[in-house]
Amino acid sequence: MTGNESRTDKYFGQALKRKEDPRFITGTGNYTDDIVLPGMLHAAMVRSPYPHAKIGGINKESVTGMPGVVAVLTGQDIADAGIGSIPVGWLLPELKTPAHPAIALTEANHVGDIVAVVVAENRALAEDAASMLEVDYEPLPSVAFAGAAIAEGAPVVHDDVPGNVAFNWEIGDATAVQEGFNAAYKTVKLKLTNQRLIPNAIEPRASLAQFTPASGEYLLYTTSQNPHIHRLILAAFVMNIPEHKLRVISPDVGGGFGSKIFQYQEEVIMLLAARLMGRPVKWTARRSEAFVSDMQGRDHETETEMAVDKDGKMLAFRVNTLANLGAYQTLFAPAVPTYLYGTLCNGVYKLPAVHVKVQGVMTNTVPVDAYRGAGRPEATYAIERTVDAMAHALGEDPAEFRRKNFIQPEDFPYQTPVALVYDSGNYEPALDMALGMMKYPELRAEQERMKGSNKILGVSVISYVEACGLAPSALVGQLGAQAGQWESSLVRVYPTGKVELFTGSHSHGQGHETAFPQIAADELQIPIEDIDLVHGDTGRMPYGWGTYGSRSAAVGGSALKVALQKITAKAKKIAAHLLEASEEDVEHENGVFRIKGAPDQSKTFFDVALMAHLAHSLPDGMEPGLEATAFYDPKNFVYPFGTHMAVVEIDTDTGKVDLRNYGCVDDCGPLINPLIVEGQVHGGIAQGAGQALWEEGAYDEEGNLLAASYMEYTMPRADDLPMYQIDHTVTPSPHNPLGVKGIGESGTIASSAAVANAVLDALWHECGIEHLDMPYTAEKVWKAIRDSRAGMGQAADD
Amino acid sequence: MNVTMNVNGKPYTRDVEPRTLLVHFLREDLLLTGTHVGCDTSQCGACTVHVDGEAVKSCTVLAVQADGMDVTTIEGIGTPGDLHPLQTGFWEKHGLQCGYCTPGMIMASAELLKHNPSPSEQEIRYHLEGNYCRCTGYHNIVKAVQHAAEIMAQGGQAGGQAADD
């Protein structure tokens with residue numbers, strides 16, 4: 001069909017159902033493991049069963065005669081090919097960065113570290129042989145926990161990281177904080193563990209590589225949130241491939257949550273194997289491999305202290321954190337517990353002084369990097385747990401204690417004591433809406449009524465702010481980022497008036513294929529059906545940096561907006577020329593370009609697009625075509641905020657916690673598509689609630705992962721969660737052309753703290769328990785209730 | 001060894017290794033890649049299909065165990081032009097984000113609606129507790145199934161090949 005139907009409605013803000021869904025609901029999506037290339041081989045990884053071991057001999061002959069086996073690759077093959085260490089993408093001052101080879105050569109440093117690879121005719125044969133490969137290991141002393149790893153005489157993970165300390169980092173004014181404590185009316189102190197989490201996107205990672213010897217070109221299909229970053233790292237730092245000879249495609253990707261940001265070992269191995277074998281090679285993770293090889297999240301041991309004056313106004317907040325980085329430092333690992341954490345420890349409060357100290361510690365565990373929220377859930381948890389403890393200490397209502405310490409609307413832009421300048425905010429309306437929506441006074445009354453029974457109620461009110469929309473490039477460059485953080489967009493208009501948008505952002509569930517065309521349809525004033533989005537292919541898009549840090553709408557969407565404005569500016573010139581009018585006399589309204597005051601004199605978008613390509617009559621000197629690219633570098637982060645409330649019911653006989661209700665009011669600026677925004681909030685809440693109630697990537701002291709499958713790692717299921725109550729306030733960001741903030745991570749950033757505080761609210765009201773670490777399993781809660789009652793002189797086992 | 005089964009109404013015979021799982025048979029031998037694999041312990045439900053009308057996690061069944069049976073996959077219950085009410089429900093209610101768990105969710109839900117045409121929220125949640133979703137927090141999945149139940153109650157037919165017959 002040629003041309004565009006006329007339209008007058010606006011798409012921005014509409015809860016449109018998603019354009020991408022027909023393929024997903026009919027089973028015709030195209031995920032990496034679905035792709036089959038002619039002559040394709042399969043690889044299986046041989047992974048260290050030890051947390052720390054010297055690798056002795058590897059007897060390749062032990063499997064080379066097995067059916068279907070084509071090759072065995074070891075660390076020596078990586079070294080012989082001149083392949084470099086996988087680099088760290090964010091450097092802190094004096095950061096120690098131990099080598100991270102694609103296949104371990106001399107030493108395995110965590111359970112799951114790759115020590116060899118078997119390539120065979122099919123996956124089953126590859127896995128058969130991988131299970132039979134003879135590897136001599138000499139187990140070495142190992143350590144799993146950050147606190148233990150910095151103790152005197154602890155096993156050393158890497159010889160070039162003495163004492164296992166990779167970095168020491170601090171932000172804020174320690175002296176000013178001490179002055180705050182000196183002047184304090186009251187102080188509280190908490191010791192918090194923010195446990196290790198395992199992201200668990202439901203699609204396991206997969207990679208498929210192909211090499212074309214005649215041209216020297218590589219093609220890599222991989223489960224990535226950011227194919228350009230993969231290409232850059234692989235080409236420039238690891239494989240030494242000319243960047244234009246490597247095409248990286250992330251087709252449909254089944255969830256990321258941060259775990260598909262990093263350039264992984266297996267991707268290097270597939271590229272090398274494809275070159276060496278002369279055939280395409282695929283690897284798809286089993287879930288058991290994902291548990292010991294996907295980047296993990298959180299794992300902080302933290303002490304917090306807060307000081308307030310006699311009016312309950314906050315004076316100072318001090319945070320001291322040990323961050324477990326695992327066995328290697330990966331792409332964003334050093335930034336997550338520092339710039340994405342310490343800078344957020346101010347929360348939503350007018351805090352005169354904040355100081356945050358973080359020590360990054362290496363252990364014999366799977367590396368830790370960004371997981372949904374990446375540093376900000378940890379910050380929210382640290383500050384919001386402490387705020388509740390202080391409210392208890394002061395005998396104040398936690399909602400009102402927060403309210404009186406909020407940064408006020410007239411304070412924005414607000415400079416915090418920990419570097420950030422919050423762009424815009426208005427915290428009280430979100431708090432009030434949440435309190436009203438959840439009927440807070442009634443909940444407190446119900447809590448009183450239930451007190452002393454075997455079902456007790458806990459209610460929380462937490463307020464958060466986060467920094468996302470990563471990121472102003474010059475700023476993050478100063479802070480150590482080894483990458484730009486702008487985004488690009490290309491808008492290509494075809495002669496028929498149909499439009500393709502290209503973005504460097506990547507959608508792995510976020511609905512870009514709908515939200516981006518919504519922005520474009522308004523700007524171009526054509527039906528959304530005439531617009532499609534292309535993403536995830538370095539061979540088709542301009543440069544970009546992918547999707548993480550809730551950046552797609554604020555940065556990628558802004559890039560799109562700027563590119564669209566270039567299109568409409570040129571289109572208007574062409575229309576004016578065709579209408580024989582001056583450009584100033586032409587307006588673009590209701591889907592047509594028309595002469596002001598002469599509505600019958602008009603040209604459609606299709607008329608303009610066609611003439612741009614026919615070029616039979618264009619303004620003097622104008623280039624043919626209708627296509628524009630924009631590169632957009634944000635001026636600041638964006639700062640979504642809101643109030644979340646959780647209501648839990650605890651059975652004191654069994655310790656079981658039931659998340660009864662959850663409500664939140666978020667502010668992410670204007671909503672492009674409310675359906676998508678709410679979906680993001682729902683999923684975020686579930687992941688944060690998962691951390692609070694069930695999930696724990698538990699290791700033993702030596703670094704053996706105890707929760708290494710879905711049999712042991714407990715994620716929320718449908719019958720564990722309630723329906724959520726959701727609302728929004730809208731405070732636009734003043735510094736991007738759409739006014740949008742981010743929403744992909746807010747739910748998770750707020751909800752682990754919200755659910756934790758609700759559980760502790762119940763336990764504090766009932767038994768005076770001030771703190772208990774997540775996850776609040778029935779066993780842990782039951783024991784805490786029993787111990788507190790024993791301490792109060794009741795029988796321990798009643 | 002040879003296995004023969006009707007998949008989405010079409011007969012197939014293939015020579016497979018005895019250890020081949022049904023999910024691998026569907027994905028690799030028949031190239032029906034709509035059925036996904038999310039774990040290796042039968043916990044996630046992404047691989048749910050119908051075998052002789054019963055929802056089954058196809059990673060826990062050998063292909064040879066389905067010999068002679070009727071198998072329905074996500075590709076068989078509706079097409080883009082003729083969606084099953086559950087496919088419509090998931091689309092209308094934003095019951096999916098990344099789409100990876102969706103085929104399993106739809107196939108598991110189809111079994112529920114077959115036995116219980118108007119399930120309560122709790123019945124839906126309980127029935128789907130064998131299917132992990134990491135994106136949606138389940139809220140819109142519940143609404144999607146409720147929506148499908150309403151469509152079916154109003155006489156909306158299963159699209160494509162009838163789901164279970």
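This report covers selected helices, a sheet and some backbone features of a predicted model.

## A mixed sheet in chain A

Five strands of chain A build an open sheet. Their order is S7-S15-S14-S13-S8, with mixed pairing. Strand S7 (165–172) and strand S8 (186–197) are the edges, each pairing on one side only. On average, neighbouring strands are turned by 10 degrees against each other, direction ignored.

Within the sheet, strand S14 (residues 314–326) and strand S15 (residues 353–362) of chain A run parallel. Ten bridges join them. One of the pairings links A:Leu322 to its bridge partner in S15(A), A:Gln359.

Helix H10 (residues 376–394) of chain A lies across part of this sheet, over S8, strand S13 (297–308) and S14. H10 runs at about 145 degrees to S8(A). The loop between S15 and H10 of chain A holds A:Ala374. The phi of A:Ala374 is positive, near 40 degrees, in a residue other than glycine. A:Ala374 counts as buried because its relative accessibility is 5%, against a cut-off of under 20%.

Helix H11 (residues 398–405) of chain A is mostly covered. Six of its eight residues are buried. They are A:Pro398, A:Ala399, A:Phe401, A:Arg402, A:Arg403 and A:Asn405. At the start of H11(A), A:Asp397 places a side-chain oxygen within 2.8 Å of the backbone nitrogen of A:Ala399.

The loop between H11 and strand S16 (414–415) of chain A contains A:Pro413. The peptide bond from A:Phe412 to A:Pro413 is cis, with omega near -5 degrees.

## Another cis bond in chain A

A cis peptide bond also runs from A:Leu470 to A:Ala471, with omega near -10 degrees. A:Ala471 sits in the loop between strand S19 (462–465) and helix H14 (473–478) of chain A.

## Helices H16 and H17 of chain A

Helix H16 (residues 552–578) and helix H17 (residues 605–614) of chain A cross at roughly 90 degrees. Their axes come within 9 Å. H16(A) and H17(A) are therefore roughly perpendicular to each other. From H16(A), A:Ile567, A:Ala571, A:Ile574, A:Ala575 and A:Leu578 meet residues of H17(A). Those of H17(A) are A:Phe605, A:Asp607, A:Val608, A:Met611 and A:Ala612.

A:Glu580 lies in the loop between H16 and strand S23 (586–589) of chain A. A:Glu580 has a positive phi of about 50 degrees, although it is not a glycine. Its relative accessibility is 76%, so A:Glu580 counts as exposed.

## Helix H3 of chain B

Helix H3 (residues 85–92) of chain B is largely enclosed by the rest of the structure, because six of its eight residues are buried. These are B:Pro85, B:Leu86, B:Gln87, B:Gly89, B:Phe90 and B:Trp91. The buried residues pack against helix H1 (21–25) of chain A. They also pack against helix H2 (74–77), helix H4 (102–115) and helix H6 (139–153) of chain B. B:His94 follows H3(B) and has a positive phi, near 55 degrees.

H3(B) and H4(B) pack at about 125 degrees, with their axes 10 Å apart. The two helices H3(B) and H4(B) are therefore oblique to each other. H3(B) passes H4(B) in a right-handed crossing. On the H3(B) side, B:Leu86, B:Gln87 and B:Phe90 make the contact. On the H4(B) side are B:Thr102, B:Met105, B:Ile106, B:Ser109, B:Ala110 and B:Leu113.

Terms used:
Residues numbered from 1 in each chain as written. Chains lettered and ligands numbered in written order. Predicted model: local features only at pLDDT ≥ 70, side-chain atom pairs only at ≥ 80, totals over all residues. Heavy atoms only, no water. Buried < 20%, exposed > 50% of the residue type's maximum accessible area, 1.4 Å probe, protein only. Helix = DSSP H or I, 4+ residues; strand = E, 2+ residues; numbered from the N terminus. Contact = heavy atoms within 4.5 Å. Pairing = 2+ DSSP bridges. Axes fitted to C-alpha atoms, helices over the stretch in contact; angles between N-to-C directions. Polar contact = N/O pair within 3.5 Å; in protein donor to acceptor, adjacent residues only side chain to side chain. Parallel < 35°, antiparallel > 145°, perpendicular 65-115°, else oblique. Left-handed = near helix turned anticlockwise from the far one by under 90°.
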